[in-house]
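Hi everyone, thanks for making the time. Please bring the sequence and the structure up on your screens, and I'll walk you through them.

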Amino acid sequence: MLASAVRHYLARYGVRAGERAVVFANNDEAYRTATALHAAGGTVAAVVDTRDTVDPAVAALVETLGIPLLRGAAIVATQGAKALRGVTVRKADGRTVRFACDLLAMSGGSNPNVNLFSQSGGRLAFDEELTAFRPAQSVQNEVSVGAAAGLRTLDEALASGHTAGAGKDGAPRATEAHAASTIAACWQIDAPGKAFVDMQNDVSADDIGLAARESFRSVEHLKRYTTLGMASDQGKTSNVNALAIMAGLTGQGIAETGTTRFRFPFVPVALGSFAGRAHGELLRPLRRLALHDRHVALGAIMEDYGWLRPSAYPRPCESRFEAEQREARTVRDGVGIFDGSPLGKIEVRGPDAGKLLDFVYASTISTLKVGKVRYGLMLNELGVVIDDGVCARLGEDHFLVGASSAGADRIAAWLEEWLQCEFVDYDVLVAPVTTNWSVVTLTGPKARDLLAEAGVSFPLGAEAFPHMSFQTGTIAGIEARVMRVSYTGETSYEINVPTGRTADLWDVLTRLGERHGLAPIGIDAWNLLRLEKGYLHIGADTDGTTNPLNIGWDHVMRRKGDFAGKRSLMLDLHKNPKRLQLVGLSAEGREVLPIGAHLVRGLGADRASDGFVTSSAFSPTFGKGVALALVHGGSERIGETVALEHEGRRLSATIVKPTVYDPEGARLNG
Amino acid sequence: MADGFHAAAATVAIREVPAGPITTLRLRRPSAADLDRIGALIGTALPTDPNRTADGAVRAIWIGLDEWLILGDTASHAVIEAAASDAAAALSVGVGDGRCIFVVTGPSAADLISKASSLDLGRALASPDQSAMTLFAQVNVIIDQPPGLDGFRLIFDVSLRDYLHRWFRDAIVEFG
């Protein structure tokens, strides 16, 4: 421990750092540590001074207290593992002696606090007498005084401060004389074993030797090669020692070796200061649904999807998996209600709205009829799928773009960027309205009957309001925008109402739904239902490389006109029939294939990945595991039995088409 | 929707107020004539300098070169819609259901806001017709200084309401 730290513990906190200490020093100042420890009731076993001669007055400070002083001596070894038990001292005559102790206070002298001076651009000079760098030449209108200027007595410090403060004669004087502390350079002890120089970053004298042999001799190189002085103490103790050792190794003087620029902060800033109050529930903003309290009252497991959303609504004594399976069956047989409020909603309006959307979607949007809805993919310039969703045409020049929940903000910014940077002459504007509208979806064969009971201002029949169309009006007197789109494969009504009215709509529908066996549906079941339909979940079934040709959307390449990503998709590499293609997998027995499992071809060390599972669940509809996977050449391999591996397990499955449930779409069109 | 959120300390008070009708108005490359005509119809001149506000029949807050937030009564949305219809491209859409509003008052109001934001309020909100868009406790905010309010009106996304309630309750503790 540093001798000054031992003193600080005593003076500031009234704590003795040890009961039996040895002080090891090359300067007078460390003797204060020995006397202070003694005065505080501790035992000082010895003072070990590397100097052959010590000022008699300084020596008397400890010797009169009965503390042995060993001149021209050095500590060459220590004993103890988890705590210090003793030190071995090599005396001036070369013989060694051991002292039992539990504290070793070391002092190699002190450095003037030149950090601020150095940051002001000032030049430092090495002072041989001080064995330290001190300010030499100021660059800014600055002056260092006292110990910071390398002055060692109180009188010198008072005089320098007085002068710097533009005082003329009559600087205050110390009432008693203080002799300047003297020091004799000692950079390294010649002794076997590790000698740490930077205690924080564990840089040893050997590391500095290696840096010298590897020609990292400049202080800037030394620092970066060894990490010397890069800990939170910024080399306060170690830097001068290290460069003196380097100077000894290279034969250059210490002054020529020089220092690195002292950096801030002088005192490390605790990470907690940066975090402030952003911890616990304030760690990061979490969005909440307007129906949050109702979901909680229904026993929902609320999870972090950026929004806190219900994953499942387990009933008493029901597991999460059982809840998921029951909820999914309810949608297939009756009707479920789902809170889809985080779905992205972006209004796009203006004479050139169709033109803009034809570009940002891989599908043509401008041919959509008013009141109709179309599903589309959005690609980036590399042709990678970045989002999917439905787009509704509300009017001749007015569209509502639906983005995925995770993509809501990102896609609004994406459209804005195209308008601001590329299509500055297009007459079209966008406005995100995601949180202005909540979405309550009724889905299942009984959805229409239930909705009709709520009182709807527009016709609900399959002909008047077919799948992939849009209506505005009122439901139970509440303003609503309703889309017939389906992520479950069943007849669905995606009801958008102003967020302030969400609870009113939910309450009406859940009350009326009781006799229809209505159940709230969590994300788990929602994902399972879409998986049976082979519908994409962006970010799960796609990654940062997936393009439309991987997911069966080859037809976009026959489109006339340009769209974002088209040119990238024209590269030959995308014509490879062995490219990854989205398929379904049917597992054996009741096995659920692990997401991330790889299809493998070949055996032993020669086996290689043939694709991987992207989504997987147990289907209550089919009584077996169903999955989606990206498989090399997958669409030509329907019916093939494949081997999979995951964490040491080997599994088997059959490749099927992605849509296993109602492939004709009879149910969602019903 | 305000559900009566209120938090007060010795020198600062925060209360949630109903967002009321709010309209996002966007005009593609608006001409001076467009702006004059629309301003006259809605009874408030649309501010064209960055981060400025204007007060008249409604309150208009500059959001971007082609975008304003209009706070005012329900009728104004239809008025704005009609007023904007002659522009080359215009979009006006009600967004009041997607916002929540907190009013911060008292001698320490600016200090409390400074705890959440790196904005120099003395500069950014020096004049009463200035507004600011910045990050507040990690989320987007519009800070407005409506006439007659001795403090600040903070406009947030409604989905962050609960988070903001927690944040304000935590932040107010140090104000006694």
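First, some ground rules. This is a predicted model, in which local features need pLDDT of at least 70 and side-chain atom pairs count only at pLDDT 80 or more, while totals for chains, interfaces and linings use all residues. Residues are numbered from 1 along each chain as its sequence is written, and chains are lettered from A and ligands numbered from 1 in the order in which they are written.

Within chain B, confidence is lowest in helix α2, residues 75-84, with a mean of 70, and highest in β8(B), at 98.

Now to chain A. Its secondary structure comes to 19 helices and 31 strands. Helices (H or I, at least four residues) and strands (E, at least two) are DSSP runs, numbered from the N terminus. With a radius of gyration of 39 Å, well over the 26 Å that the globule rule gives for 670 residues, chain A is more spread out than a compact globule. That radius is taken over C-alpha atoms, and the rule is 2.2 Å times the number of residues to the power 0.38. Along the principal axes, the C-alpha atoms of chain A fill a box of roughly 110 × 70 × 55 Å.

Chain A is divided into domain 1 (3-107), domain 2 (115-164), domain 3 (196-257), domain 4 (288-335) and domain 5 (530-666), with bounds that come from an automatic or database domain assignment. Between the C-alpha centres of domain 2 and domain 4 of chain A there are 70 Å.

How much of chain A is buried? Of its 670 residues, 42% are. Buried here means 20 or more other C-beta atoms within 10 Å of a residue's own; exposed means 12 or fewer, partly exposed is in between, and the C-beta atoms are placed from the backbone.

Let's stop at one residue, V197(A), in strand β10 (residues 196-198) of chain A. V197(A) counts as buried because 26 other C-beta atoms lie within 10 Å. Leaving out residues up to four places away in sequence, its contacts are V203(A), S204(A), A205(A), I208(A), S238(A), N241(A), A242(A) and I245(A). A contact means that two C-beta atoms, placed from the backbone, lie within 7 Å.

Chain A also has an open sheet of six strands, in the order β22-β23-β24-β21-β15-β25, with mixed pairing. At the edges stand β22 (470-475) and β25 (519-520), each with a single partner strand, so one side of each is left without a neighbour in the sheet. Strands pair if DSSP finds at least two bridges between them. Inside this picture, β15 (residues 336-339) and β21 (residues 437-443) of chain A run antiparallel, joined by four bridges, with G336(A) opposite T443(A).

On to chain B, where the assignment gives domain 1 (6-19 + 98-175) and domain 2 (22-96). Their C-alpha centres lie 24 Å apart. The contact between them takes 11 residues from domain 1 and 10 residues from domain 2.

Strand β8(B), residues 99-105, runs antiparallel to β11(B), with seven bridges joining them, and R99(B) stands opposite D157(B). Strand β10(B), residues 139-144, also pairs with β11(B) in the antiparallel sense, over three bridges; here I142(B) has I155(B) as its bridge partner. β10(B) and β11(B) form a hairpin with six residues between them, and G148(B) in the turn has a positive phi of about 85°.

Finally, where do the two chains meet? The contact takes 24 residues from chain A and 23 residues from chain B. On chain A, β12 (287-288), β16 (344-349) and β20 (429-432) each supply at least two residues of the side that touches chain B. One more piece from chain B is helix α5(B), residues 161-171, whose buried residues include Y163(B), W167(B) and F168(B). The buried residues of α5(B) pack against β12 of chain A, together with elements of chain B including β8 and β11.

Technical notes
pLDDT = per-residue confidence, 0-100.
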